[in-house]
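I set out to look up the charged side-chain pairs in this structure. My entries follow the display.

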Amino acid sequence: MSESTKSIIVMKDIVKSFPGVHALQGVDFSLNKGEIHALVGENGAGKSTLVKVLTGVEHPDSGTISLDGVEVSIKSPLHAQSLGINPVYQEVNLCPNLTISENILIGRQPMKWGRIDWNTMNAQAKKAMLGLDIDIDVTKVLGSCSVAIQQMTAIARALVISSAKVLILDEPTSSLTQHETAQLFGVMRKLKNEGMGIIFITHFLDQVYDISDQITVLRNGKLVGTYKTASLPKLELITKMIGRTITEFDDMTKLKSDSGHMIKSEPLIELEGIGHSGSIEPFDLQLHSGEVVGLAGLLGSGRTEIAELLFGITKPDSGTMTMDGKVVKNFTPIDSIERAIALCPEDRKKEGIVADLTIRENIILAMQASLGWFKYLRLQEQYTIADKYIKLLNISTPSPDQLVKNLSGGNQQKVILARWLATNPRLLILDEPTRGIDIGAKAEIQKLVLSLAEEGMSCVFISSELEEVLRTSHRIVILRDHKKVTELSGDVTEQQIMKSIAGSE
């Protein structure tokens with residue numbers, strides 16, 4: 001092996017489990033000197049856990065890590081930094097109230113006569129930034145700088161911490177403009193040419209092909225494989241990430257549901273040029289009563305961002321939204337509830353259920369919020385509502401007074417659905433409603449979505465499982481890199497969706 005391709009990091013048979021979760025199952029990973037190595041995979045693939053093991057945040061249950069051919073036991077993040085392993089995370093972990101110089105050298109300020117030597121410190125910080133081809137006044141307060149400069153400051157800080165050998169960039173471009181991304185890529189190439197190994201984690205596949213030399217794919221805690229970027233077609237990469245082969249796609253043609261006879265011709269909601277900077281690029285979309293519209297795309301493509309915009313969690317900074325022909329002016333969740341819009345969020349544990357409340361209390365939450373806290377639902381009315389939806393959704397529980405945290409994942413998901421169905425929504429947004437639940441519960445929820453559409457409700461359905469999107473949706477919106485790419489309807493196959501996601505329509 002030549003010096004330019006010498007392995008810096010070799011991780012062998014890494015196993016890491018948490019209660020009820022096998023996060024990493026015998027994963028191998030290696031990083032070479034002078035290489036940009038993309039680490040990709042969908043949510044829950046194991047990327048974050050692998051990086052945490054490499055940076056000493058987590059300790060593996062078994063397996064080995066070698067640095068420059070010598071086996072090491074990484075005890076902590078500080079120990080990892082001392083070994084030259086430096087992560088820069090998506091949320092820049094710096095002090096916005098301090099200067100660029102202070103952020104780069106905090107904890108390592110040069111001293112003179114018992115005081116900080118500001119001239120020397122600023123000169124060292126200036127040199128560190130110039131080393132990244134960034135010419136900037138390092139006495140500027142970091143919080144006044146762009147996200148791109150904050151990212152570069154974080155990288156400069158990582159590089160001066162120790163004799164850096166490995167740089168880990170976790171979603172570094174998620175908040176950057178195209179110009180800023182190009183600037184970052186220039187820095188990455190410069191560091192690569194100087195012999196540094198860079199691990200690049202991103203959901204933007206175009207960027208993977210722009211900058212990386214190798215790609216490692218993880219799925220469900222397992223290694224799918226490591227490939228030279230130039231020899232792995234993008235469509236094949238997506239099939240590896242999702243877990244289906246092209247042959248299977250050819251054999252699994254799915255037609256849209258024939259339950260679309262209730263779709264109204266006039267749109268319930270119309271979005272024109274609507275978007276939010278850094279979140280979702282401006283797009284047009286019509287949602288009709290009686291129709292299920294699926295949103296398909298890889299994680300980070302903009303699916304959840306559209307859901308949050310529709311529900312008022314995010315306020316658009318461009319375009320217009322009309323409902324029943326009237327322009328919507330107020331964008332907050334409370335306003336959305338009043339407009340009869342409901343959202344079942346992606347993370348049911350963090351954003352959905354209130355674990356220490358009962359099933360009854362969880363079900364009536366949104367209805368109570370819409371009424372206001374001074375118009376309290378009578379207890380008997382709460383039980384009537386809870387009993388109705390427990391029966392309707394076949395929620396398995398001995399009593400509506402059972403704590404919701406004691407239910408299975410599928411039954412918890414049904415409780416969240418019940419909460420929003422109790423508000424009689426006209427638009428129901430479902431963000432990954434079947435994630436982490438058993439096949440039986442998945443089938444029940446999919447069937448429910450179609451039956452709600454037949455009753456005249458408008459539904460937006462988001463799922464990482466393409467077969468599920470096809471089975472449930474009358475029309476499918478394809479998203480890629482925070483952009484709406486196209487819409488598909490009629491006789492659509494999984495392969496067509498995959499090609500659209502990959503950009504090879």
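Entry 1. I looked up Lys-16 in this predicted model and found a relative accessibility of 9%. Lys-16 therefore counts as buried, the cut-off being under 20%. Its salt-bridge partner is Glu-58, with 3.8 Å between the closest N and O atoms. I noted that this pair links distant parts of the chain: Lys-16 belongs to strand E1 (residues 7–18), while Glu-58 sits in the loop between helix H1 (47–54) and strand E4 (62–67), 42 residues apart. For Glu-58 I recorded 21% relative accessibility, so this residue counts as partly exposed.

Entry 2. I next examined Arg-426 and Asp-324, whose side chains meet in a salt bridge at 2.5 Å, N to O. Arg-426 is in the loop between helix H16 (409–421) and strand E19 (427–431), and Asp-324 is in the loop between strand E16 (318–323) and strand E17 (326–327); the pair therefore ties together parts that are 102 residues apart in sequence. I list both as partly exposed, Arg-426 at 35% relative accessibility and Asp-324 at 44%.

Entry 3. I then turned to Lys-484, which forms a salt bridge with Glu-487; their closest N and O atoms are 2.6 Å apart. Which residues does the network of salt bridges with shared partners join? I found Glu-291, Arg-475, Lys-484 and Glu-487 in one network. Lys-484 has a relative accessible area of 26% and is partly exposed; Glu-487, at 32% relative accessibility, also counts as partly exposed.

Methods. Residues are numbered from 1 along each chain as its sequence is written. This is a predicted model: local features need pLDDT of at least 70, side-chain atom pairs count only at pLDDT 80 or more; totals for chains, interfaces and linings use all residues. Side-chain values use heavy atoms; hydrogens and water are left out. A salt bridge is a side-chain nitrogen of Lys or Arg within 4 Å of a carboxyl oxygen of Asp or Glu. Helices (H or I, at least four residues) and strands (E, at least two) are DSSP runs, numbered from the N terminus. Buried means under 20% relative accessible area, exposed over 50%, partly exposed in between (1.4 Å probe, protein chains only).
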